[in-house]
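Please brief me on the charged pairs, the helix packing and the surface of the chain shown here, with the cut-offs behind each term.

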Amino acid sequence: MKAIVFADELGAELEPLTSLTCKPLLPVVNKPLLEHSLELLARLSEAPEQVTVVGLHHVDRIREFVGDGRRWGLSADVVTRREIEPRKAVVDRLLPDSEALILDACSLTLVDLDDFVDQARRLGVRSTATVGGVETGLIYVPSVSKEEPGRLELGGFHDPIQGLESYLDVNLQLASNPPEGLRLPGRDLDDGVRVGRRSIVPSTAIKRRPALIGSRVRVSPTAELQGGVVVGDDVVIDRDATVKHSVVLGRTYVGELTNLEDAIAWRDLLILPRADRWVRIPDAFLLADLRNGAVRRRLLDLGNRALALALLLLSLPLWIPGLLISLVSDWRRPLIRRRFMGNRFEIGLGVDRSRLSFWGLELNTTIPILRRLPLLLSVIRGDISLVGVSLLTPEEDRRRSELWEQVRDYAPVGLLGPAQLNLGSDASQEEQLLWDASFARDERKWLSLRYLISSARSLFTSRTWSPAGRLKASHETVTATEHGS
């Protein structure tokens with residue numbers, strides 16, 4: 001017996017997912033539909049002597065995925081169907097007068113294939129398998145048959161996956177209640193939690209089961225996976241992100257504070273099937289392809305924080321004189337608590353983003369290097385970067401009205417940078433924004449290193465250690481500090 005697997009549909013009903021691939025290669029519970037069909041064949045007690053996969057779209061990718069079929073214990077090859085050629089003509093051309101099984105890899109069918117073959121052979125006619133009265137695309141073709149074709153009703157699972165909502169539902173359904181014969185990838189980490197190889201998924205992140213997690217996935221301890229999720233391979237879910245009743249497909253970065261609910265996320269695609277809406281997110285800090293350079297910069301944030309921690313440890317000898325000077329300056333308030341605009345963003349479905357403010361500490365001294373020592377803690381928390389544009393208070397941020405003043409928004413906010421190193425405390429906000437805009441337009445990898453080196457050199461200049469005028473907290477800051485708000 002031979003087998004033909006049709007993997008020839010593009011899947012227009014699943015746009016925009018099929019703008020990136022074809023329907024047979026689209027993963028369902030972390031395995032392409034085509035793989036489910038090949039696994040069904042591999043479980044036959046009498047394995048087919050030859051499996052021919054018929055493709056039409058993305059045939060090279062199908063051929064690369066199938067290979068020679070050896071990974072499933074099959075002997076397989078891939079051929080291309082002519083667009084105008086009907087499937088029956090393909091079967092007659094490839095398997096004249098041969099006993100064969102025909103499978104449709106453009107839908108998901110999970111049945112007892114041995115039982116189907118046994119019943120069909122006893123009938124001796126071309127037989128179509130149905131589940132719940134619905135044709136599955138699974139057909140048995142005898143070598144010789146002169147009678148009318150028949151239908152065989154089978155137990156099992158079948159879903160044609162005819163739309164985005166159907167795609168979301170079938171993933172969540174199979175992850176929570178896998179039918180007999182479905183092999184979910186990964187290993188059971190806990191009841192209702194299945195995780196693939198080399199993945200790091202803290203138990204604190206699993207708020208509600210089930211959760212099906214792919215391989216090489218990184219989930220932050222402060223992220224939340226709720227109420228049934230399917231996460232593909234090579235996914236990063238960053239801090240304070242929430243994924244609920246959603247599917248996150250492979251190579252996707254889910255950014256800080258991003259909230260996915262009843263959604264499908266794939267690279268920069270955010271799809272809300274129940275609302276019949278989708279959008280491409282241009283902001284790599286929210287949702288992105290992990291192969292994107294901006295995402296790699298985002299992930300390098302971990303190294304940025306580690307360097308800040310090292311600098312904090314190296315700066316410990318400066319804290320004692322800094323605190324003493326601050327106490328002499330104002331023993332009631334040696335630390336000034338101020339609100340700044342940082343590198344975290346307010347998240348929504350739209351493409352716009354706005355910076356969130358945070359509370360930072362400064363020593364109550366006019367010596368620049370000592371004053372901002374506590375802001376290293378803000379770098380470690382991820383509120384700001386080591387190198388970037390200058391810190392602005394919410395009031396200063398709101399005063400920006402010119403278009404050129406908005407250019408700085410394309411660069412991270414940092415503790416160090418050109419404005420911080422080149423301007424004194426008496427510089428105007430316009431001068432500061434000019435330096436920031438220049439840095440944002442010309443941001444290159446070597447610039448961060450350059451400003452780190454310049455900062456190290458500045459330790460040995462008198463300007464760094466010279467008082468720069470008394471630090472004054474705004475009325476709002478003092479009031480907030482006194483009331484602990």
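**Briefing on the predicted model**

Asp68 counts as partly exposed, because its relative accessibility is 38%, where buried means under 20% relative accessible area, exposed over 50% and partly exposed in between, with a 1.4 Å probe and protein chains only. This is a predicted model, in which local features need pLDDT of at least 70 and side-chain atom pairs count only at pLDDT 80 or more, while totals for chains, interfaces and linings use all residues. Residues are numbered from 1 along each chain as its sequence is written, and side-chain values use heavy atoms, with hydrogens and water left out.

**The chain as a whole**

- The secondary structure comes to 16 helices and 28 strands, which are DSSP runs numbered from the N terminus (helices being H or I with at least four residues, strands being E with at least two).
- Of the 485 residues in the chain, 50% are buried.
- Among the contacts with a separation of 6 or more, 57% are between residues 24 or more positions apart, a contact being heavy atoms within 4.5 Å.
- The chain exposes about 23400 Å², of which carbon and sulfur atoms supply 53%; accessible areas come from the Shrake-Rupley method with a 1.4 Å probe, and for residues only the protein chains shown count as cover.

**Salt bridges**

- The whole structure holds 35 salt bridges, each defined as a side-chain nitrogen of Lys or Arg within 4 Å of a carboxyl oxygen of Asp or Glu.
- Asp68 and Arg70 meet through their side chains in a salt bridge, at 3.0 Å from N to O, and Arg70 is exposed, with a relative accessible area of 64%.
- Glu13 forms a salt bridge with Lys23, with 2.9 Å between the closest N and O atoms. Both Glu13 and Lys23 lie in the loop between strand 1 (2–7) and strand 2 (27–28), so the pair ties together parts that are ten residues apart in sequence.
- Within that pair, Glu13 is partly exposed at a relative accessible area of 27%, whereas Lys23 counts as buried at 0% relative accessibility.
- Lys244 and Glu261 form another salt bridge, their closest N and O atoms being 3.9 Å apart. This pair links distant parts of the chain, since Lys244 is in strand 18 (residues 242–248) and Glu261 in strand 20 (residues 259–261), 17 residues apart.
- Lys244 is partly exposed at 21% relative accessibility, and Glu261 is also partly exposed, with a relative accessible area of 40%.
- A network of salt bridges links Asp8, Glu9, Arg81, Arg87 and Asp104.

- Helix 7 (residues 301–314) packs against helix 8 at an angle of about 60°, with the axes 5 Å apart; axes are lines fitted to C-alpha atoms, for helices over the stretch in contact, and angles run from 0 to 180 degrees between N-to-C directions.
- That angle makes helix 7 oblique to helix 8, given that angles under 35 degrees count as roughly parallel, over 145 as roughly antiparallel, 65 to 115 as roughly perpendicular and the rest as oblique.
- Leu312, Leu313 and Leu314 in helix 7 meet Leu316, Pro317 and Trp319 in helix 8.
- Leu327 is in helix 8 (residues 316–329) and is partly exposed, with a relative accessible area of 38%.
- Ile320, Leu324, Leu327 and Trp331 form a nonpolar surface patch with about 480 Å² of accessible area together; patches are made of residues with over 30% relative accessible area and no salt bridge, like charges being joined within 9 Å and nonpolar side chains (Val, Leu, Ile, Met, Phe, Trp, Tyr) within 5 Å.
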